[in-house]
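This report covers surface patches, the nonpolar core, salt bridges and backbone angles, in that order.

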Amino acid sequence: MDITNKIAIVTGAGRGIGRGISLVFAQNGADIVVADINVEDAQSVAAEVEKLGRKALALHVDVTDQESVETMVHEAISRFGRIDILVNNAGVIGAEGWEDRDVSSEEDWDVIYEVNVKGMNRVTRAVIPYMKERRYGKIINISSQAGRQGAPDNPYAISKAGVISLTQGSATELAPYDINVNAICPGILRTPMWERIAVRQEQFLESSQGLTPAEVFDKNIRERIPLGREQTPEDIGYTAAFLASDYAKNITGQAINVSGGSRMN
């Protein structure tokens, strides 16, 4: 997983999976543009990257805003001179109050699609010209096991299926420029996003009522993960680092499950 001296942008890097990817990348030699809508979280992760001996640039970015995305890319190029790797990790589970609704609202649909699909495409399109110019690049999109199987009235799952489709389309488009595009489908990770899922399940899923968020999480691991253990942000980071390395030069257009066997397609 040698990515020594590579320059990586990681969106949604301030916590959870994005933080795990950023730190694994730094451990494997990369310098990181730590991009997050919460700049304080980004600064905290950037400090951790620097403690690992790598360079870091913490930036505020809102992937729903074209100007914000373009500013991020411009600052990354100004600081490091190039972009070798893009990890599209920024994502949401729903609008504010989602965990207290049994049925997704119109706002949930709009917010999820704007961030998870349009936002990912927006960032990718902003980075592509720089990768095309050098005829080199690694793009890694964070999807989800939820995108592997349809679910009724589940805009998050539908958005993550869209991520896989976006990955395949981008991989075909960019292959002539020697740019690899792949997706990772995480399983169940104890992240702030999953805390919201646990709160919602406790309220609206009969079998989870009366349980704490930690107990809901453990119950899902027991019932849904054949290997019987949770996945971690670092697990996603290791897979992302492999895909970002030249060892994966002949892998493109793939969606790789890191889900403990809960999805085997």
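A patch is made of residues with over 30% relative accessible area and no salt bridge, where like charges are joined within 9 Å and nonpolar side chains (Val, Leu, Ile, Met, Phe, Trp, Tyr) within 5 Å. Accessible areas come from the Shrake-Rupley method with a 1.4 Å probe, and for residues only the protein chains shown count as cover. The model is predicted: local features need pLDDT of at least 70 and side-chain atom pairs count only at pLDDT 80 or more, while totals for chains, interfaces and linings use all residues. Residues are numbered from 1 along each chain as its sequence is written, and side-chain values use heavy atoms, with hydrogens and water left out.

**Surface patches**

A nonpolar surface patch consists of M1, Y238, F242 and Y247, which together have about 420 Å² of accessible area. F242 belongs to helix α8; helices (H or I, at least four residues) and strands (E, at least two) are DSSP runs, numbered from the N terminus. F242 counts as partly exposed because its relative accessibility is 30%. The classes are buried (under 20% relative accessible area), exposed (over 50%) and partly exposed (in between), with a 1.4 Å probe and protein chains only.

E96, E106, E107 and D110 make up a negative surface patch. Asp and Glu count as negative and Lys and Arg as positive, with His and the chain ends not counted; a charge is placed at NZ of Lys, CZ of Arg, CG of Asp or CD of Glu.

**Core**

A nonpolar core is a set of buried Ala, Val, Leu, Ile, Met, Phe, Trp, Tyr and Cys residues joined through side-chain atoms within 4.5 Å. The largest one holds 31 residues, and I21, F25 and I140 have the most contacts inside it. At least two residues of this core come from each of β1 (7–11), α1 (16–27), β2 (31–36), α2 (39–51), β4 (85–88), β5 (137–142) and α8 (233–244). Helix α1 gives the largest share, six residues.

**Salt bridges**

Side chains of opposite charge can pair when their charged atoms come close. With a salt bridge taken as a side-chain nitrogen of Lys or Arg within 4 Å of a carboxyl oxygen of Asp or Glu, the whole structure has 13. The table gives three of them.

| Pair | N to O distance |
|---|---|
| R54 and D31 | 3.1 Å |
| K138 and D246 | 3.6 Å |
| D218 and R190 | 3.1 Å |

R54, in the loop between α2 and β3 (56–60), and D31, in strand β2, are 23 residues apart. Both R54 and D31 are buried. The bridge between K138 and D246 links strand β5 to the loop between α8 and β7 (255–258), over 108 residues. K138 is buried at 2% relative accessibility, whereas D246 is partly exposed at 41%.

D218 in helix α7 and R190 in the loop between β6 (179–186) and α6 (192–204) are 28 residues apart. D218 is partly exposed at 33%, and R190 is partly exposed at 37%.

**Backbone angles**

N5, which is not a glycine, has a positive phi of about 65 degrees. N5 sits in the segment before β1 and is partly exposed at 45%. D153 also is not a glycine and has a positive phi, near 50 degrees. D153 is in the loop between β5 and α5 (155–174), partly exposed at 39%.
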